[in-house]
Amino acid sequence: MMWCIFEMGHEGCEIKVLDHCMVSPPAGSVPNPTTSLPLTFFDIKWLLKPKNLPVRRLSLYKFPHPTHHFMKIVFPSLKHSLSLTLQHFFPYAGKLVCPPQPQKPHILYVEDDSSYSSVPFTVTEWSTGDFNLFLSNQPKNVTVLHPFATSLPSVSTLEDGTRLVPLMAVQVTVLPNSGFGICVTVNHVAADGKAFLHFMKSWASICRTRGESLDNVPLHDRSVVEDPNGFELNLLKQWSSPW
């Protein structure tokens, strides 16, 4: 097990890493094992605002049980259901590929390459966290929530200058005998608020129903987005190495 120290004001916060793994869609579950998705002009605009790209959403759940119970019962279910969910939201497990201009950026998913088909999933324990404080309906400094947060892996660069940008990361933080938090960090290029909420609801549904099929499956066909006014071209002209 690994230990990390987060500084919160004048107090130290010890976080123990219980597990770290990469979660991918089930083998053979994605119709096309190698899929390249172009960005629409709705997506490209976020390339111009790199500081706004990582979006973090935290969900808190009461769980008055010890950590070992969580790891034995809940963690396997969360991990398995995340894998099943990613088969419908497979672009989040891929990479945003930003080749040298004038080539266009795109999202790439490759089933046979874990670098392009998996989401980092970390489970931590925060034994000193006050879960009631986090749930309370009162003003609080946002820094008290920092230990729940996860960051996207670092951007990597190929020899030809192509940048590979991770799109999603998940961290579950357990507060023993109190509850746990699920923080999902997603690159804004890959999902807006509505798409992200769709993902979270789908994950919750699959976890609850133990893998039954979804009623509302996402559509990844970008050709349905029309651009009669040429917004994409104008936005690409403004795009200039934001990372």
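Accessible areas come from the Shrake-Rupley method with a 1.4 Å probe, and for residues only the protein chains shown count as cover. On that basis the chain has an accessible surface of about 13,200 Å², of which 53% belongs to carbon and sulfur atoms. This is a predicted model, in which local features need pLDDT of at least 70 and side-chain atom pairs count only at pLDDT 80 or more, while totals for chains, interfaces and linings use all residues. Residues are numbered from 1 along each chain as its sequence is written, and side-chain values use heavy atoms, with hydrogens and water left out.

**The chain as a whole**

The chain has 5 helices and 11 strands, where helices (H or I, at least four residues) and strands (E, at least two) are DSSP runs numbered from the N terminus. Its radius of gyration, taken over C-alpha atoms, is 19 Å, close to the 18 Å that the globule rule gives for 243 residues, so the chain is as compact as a globular protein of that length; the rule itself is 2.2 Å times the number of residues to the power 0.38. Along its principal axes the C-alpha trace spans about 55 × 45 × 35 Å. Of the 243 residues, 47% count as buried, a term that means under 20% relative accessible area, with exposed being over 50% and partly exposed in between (1.4 Å probe, protein chains only). Contact means heavy atoms within 4.5 Å, and among contacts between residues at least 6 apart in sequence, 73% join residues at least 24 apart.

Helix α2 covers residues 67-86 and contains Leu78. The helix bends by about 40° at Val74, and a proline, Pro76, follows within four residues; the bend is the angle between axes fitted to the seven residues ending at a residue and the seven starting there. The buried residues of α2 include Phe70, Val74, Phe75 and Leu78. Ile182, for its part, is found in strand β11.

| Residue | Relative accessible area |
|---|---|
| Leu78 | 8%, buried |
| Ile182 | 4%, buried |

Leaving aside neighbours within four places in sequence, Leu78 is in contact with Phe70, Phe121, Val172, Phe180, Ile182, Trp203 and Cys207. The C-alpha atoms of Leu78 and Val172 are separated by 9.5 Å, although these residues lie 94 residues apart along the chain. With residues up to four places away in sequence again not counted, Ile182 touches several residues, among them Arg57, Tyr61, Leu78, Val172 and Trp203. Ile182 and Thr150 are 32 residues apart in sequence and 9.7 Å apart in space, C-alpha to C-alpha.

**Two backbone features in loops**

Most residues other than glycine have a negative phi, and most peptide bonds are trans. A cis peptide bond, with omega about 15°, joins Gln101 and Pro102, and Pro102 has its place in the loop between β5 (95-98) and β6 (106-110). Asn177, in the loop between β10 (168-175) and β11 (179-187), has a positive phi, near 65°.
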